[in-house]
Structure formats: C-alpha cells, structure tokens
Amino acid sequence: MKYMIASDIHGSSKYCGKLLDAFKASNSDMLILLGDILYHGPRNDIPEGYSPKCVIDMLNSISDKLLCIRGNCDSEVDQMVLDFPIMADYGVISDNGKRRIYMTHGHIYGPDNMPKLHPGDVILSGHTHIPMYKMKSGILCVNPGSASIPKNDSDHSFIILKDEKFEFFSLK
C-alpha cells in the first residue's frame, strides 16, 4: 500500500488544494492526516488561503481515502462537519507486516515522549511543523512538517510511504 502523509493544514484551502493535487498525482492509496485540520490555533498566524469551509468540502470529497488523527486544534465541532473520523488520539498500521507505525499528532506523544514501542517501530507525528527523520532508542521518528504553516525555514511539505521507505516532498 502507498500512503501520503501530511499534517497541520490549519484551514488553508490553498495548501489543502495543493496537497490534494499532489495526492492525486502520486497515485497513493490513502492520505494520512496527523491532525490540526481546520483551525489555525491561537499560537499560529492565519495561514494563506484560510478558509476552513473550503477545506471541509475538499476533504469530504475524498473521505473514503482518509485516515486522520486528532490534533490539539481539532475539536468535536470540527467532527460534526467532516464525513470521516478525526477524533482518535492515535492509530496504528502495519508496514507490510514488518513493523508497526504509530500515528499521533505529537502534542501528547512524540519523539520526546514516546508510547511503549518496540525497536524497529515507527512513530509518525506532526505538531512541530518541522520535518524530521531520525532514530531514537531504536524507534524511527518521522514528521512530515506542515502543509500550511512550516517553521524553522522548512518547506510546505508531505511524505510518501511506499515499500517501507519514506520520501519527503515540498508542496509547489
């Protein structure tokens, strides 16, 4: 299975549109969103193209292709307008049966506060808006960065996971 992985759209219709264009072009099977989908949050500037209602329509149109995790800016009110579940604090998938991939937003569990994982497992998290790919205590820590509000001079970004390999891409 081929996955596109992104985080922190924060209501930007501009970058959600770019992300969905990249998703279609990539021929990925599923789009994993690691939280902070509609609201920009009080600590962030309003992202370019901020239009949560447009983001709702865009994502609802591919609801059968989405796997989403709740971020610290996501709420029950958001869930009421979305046609796919977003309220799970974490999810776990298997990477071709060879390793577990633990998905979380990153505001509770992440590279600095890991849940009980086994060496060789992967933790996917967003939240920091900074891309990451590093080993820590035998666990691969991966962060796609932010689709709409990148930090530390990083690009608007996402990841493709295919054949057990992560590849980072910039949204253009």
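Start by selecting Lys-136, which is partly exposed at a relative accessible area of 27%. (Buried means under 20% relative accessible area, exposed over 50%, and partly exposed in between, with a 1.4 Å probe and protein chains only.) Before you click on, note that this is a predicted model, where local features need pLDDT of at least 70 and side-chain atom pairs count only at pLDDT 80 or more, while totals for chains, interfaces and linings use all residues. Residues are numbered from 1 along each chain as its sequence is written, and side-chain values use heavy atoms, with hydrogens and water left out.

Lys-136 forms a salt bridge with Asp-112, and their closest N and O atoms are 3.1 Å apart. Lys-136 sits in strand S7 (residues 132-136) and Asp-112 in the loop between strand S5 (100-104) and strand S6 (122-124), so this pair ties together parts that are 24 residues apart in sequence. A salt bridge here is a side-chain nitrogen of Lys or Arg within 4 Å of a carboxyl oxygen of Asp or Glu. Helices (H or I, at least four residues) and strands (E, at least two) are DSSP runs, numbered from the N terminus. Asp-112 counts as exposed, at 72% relative accessibility.

Keep Asp-112 on screen, and bring up the largest pocket. What lies nearest its centre? Pro-111, Asp-112, Ser-125, Thr-128 and Met-132 do, out of 17 lining residues. The volume of this pocket is about 190 Å³. The lining divides into six nonpolar, nine polar and two charged residues. For the terms: on a 1 Å grid over the protein atoms alone, a pocket is an open set of points where a 1.4 Å probe fits, with protein on both sides within 12 Å along at least five of seven lines, and lining residues have an atom within 4 Å of a point. Grid points are joined across faces, edges and corners, and the volume is the space filled by probe spheres set on them. Ala, Val, Leu, Ile, Met, Phe, Trp, Tyr, Cys and Pro count as nonpolar, Asp, Glu, Lys and Arg as charged, and the others, Gly among them, as polar.

Back to charge pairs: the whole structure has six salt bridges. Select Arg-70 and Asp-89 for one of them, at 2.4 Å from N to O. Arg-70 is in the loop between strand S3 (66-68) and helix H3 (76-81), and Asp-89 in the loop between H3 and strand S4 (90-94), so the pair links parts 19 residues apart in sequence. Arg-70 is buried at 17% relative accessibility, whereas Asp-89 is partly exposed at 40%. Next, pick Asp-95 and Arg-99, whose side chains meet in a salt bridge at 2.8 Å, N to O. Buried or exposed? Asp-95 and Arg-99 are both buried.

Most residues other than glycine have a negative phi. Asp-36 has a positive phi of about 55 degrees, and this residue lies in the loop between strand S2 (30-33) and helix H2 (52-60). Asp-36 is buried, at 2% relative accessibility. Asp-163 has a positive phi of about 50 degrees and belongs to the loop between strand S9 (157-162) and strand S10 (165-170). Asp-163 is exposed, with a relative accessible area of 52%.

Last stop: Val-77, found in helix H3 and exposed at 57% relative accessible area.
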